[in-house]
Amino acid sequence: MDLSPRKPQPVCPRIIFTAVEGFGKTTLGAYAPNPVILMAREETGYDTLLSAGRVPAVPAVPVQTWEDLLGTLDSLIANSGDRKWVVLDALGGFERLCHEYVCRRDFDNNWSDAGFLSYHKGYDVSVSEWIKMLQRLDRLNSKGLGILVLAHAKIKQFRNPTGADFDRYIADCHEKTWGATAKWADAVLFGNFFTIIDKEKKGKGKGVGGTDRVLYTERRDAWDAKNRYGMDPEIWLGIDPAAMWDGVWSQIKKETQS
């Protein structure tokens with residue numbers, strides 16, 4: 001048994017990036033160093049951005065089924081070439097593929113209360129399948145590839161056991177999927193536009209502005225976030241989504257560079 005102090009390991013993050021619509025999630029992934037983007041069925045954001053000349057041309061693989069996703073990850077594990085990052089766009093789309101696979105395999109394609117939704121058994125079974133995908137991502141991560149999982153945000157009411165209920169931003173996926181994925185990640189980041197409230201009469205307010213992008217790295221009542229890199233709680237990313245990657249990565253690396 002080697003009882004000598006463990007040496008610091010190279011920074012190779014597993015990141016979940018949740019943000020509101022239009023924030024630039026796909027753009028962030030496209031500007032990662034040497035990425036390969038896996039696009040869930042009906043996620044066409046990268047193709048649209050590429051056609052408009054707003055992102056660089058990088059390998060992008062459409063994924064139509066859950067079996068396709070696992071097979072693609074296995075191929076990358078066997079040979080990832082010069083890729084440095086694997087970008088999954090987006091979490092909710094891949095979750096849907098997982099649920100479809102489980103419903104087809106275990107519930108005879110029955111989505112009703114007599115099948116997949118019976119006592120929410122479908123979601124419980126799906127988590128086990130989802131973890132198989134996370135394990136493949138871990139194998140890629142152990143080979144030196146960073147993992148970036150993009151997620152759409154939605155607003156959901158939080159039932160507060162210590163006071164009044166309130167709304168908060170969460171990733172657009174089932175809570176069981178989110179529980180497994182957020183625990184797995186090294187960083188959960190939330191992006192939103194900074195909004196200035198112009199107060200009007202009768203106590204109401206009107207949102208104005210909203211062009212500056214702000215990244216939150218610690219959990220608050222209004223959103224989920226965490227990080228293991230000593231990142232600032234708020235990171236101002238400006239108005240250009242193409243410049244976001246440098247702002248995020250400089251924060252992740254700052255502890256090792258100091």
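The packing of helix H4 against helix H6 is the part in question.

Reply: Happy to! This is a predicted model, where local features need pLDDT of at least 70 and side-chain atom pairs count only at pLDDT 80 or more, while totals for chains, interfaces and linings use all residues. Residues are numbered from 1 along each chain as its sequence is written, and side-chain values use heavy atoms, leaving out hydrogens and water.

H4 spans residues 91-106 and H6 spans residues 175-184; helices here are DSSP runs (H or I, at least four residues), and strands are E runs of at least two, numbered from the N terminus. Their axes lie 11 Å apart and meet at an angle of about 120 degrees. Axes are lines fitted to C-alpha atoms over the stretch in contact, with angles from 0 to 180 degrees between N-to-C directions. The pair is therefore oblique, the class left once angles under 35 degrees (roughly parallel), over 145 (roughly antiparallel) and 65 to 115 (roughly perpendicular) are set aside.

Leu 91, Glu 95 and His 99 of H4 meet Thr 177, Trp 178 and Thr 181 of H6, contact meaning heavy atoms within 4.5 Å. These contact residues comprise 2 nonpolar, 3 polar and 1 charged. Nonpolar covers Ala, Val, Leu, Ile, Met, Phe, Trp, Tyr, Cys and Pro; charged covers Asp, Glu, Lys and Arg; the others, Gly among them, are polar.

For another element, take strand E1 (residues 14-19), where 6 of 6 residues are buried, that is, under 20% relative accessible area with a 1.4 Å probe, protein chains only. Arg 14, Ile 16 and Thr 18 point one way from E1, and Ile 15, Phe 17 and Ala 19 the other way.

Conventions
Buried < 20%, exposed > 50% of the residue type's maximum accessible area, 1.4 Å probe, protein only.
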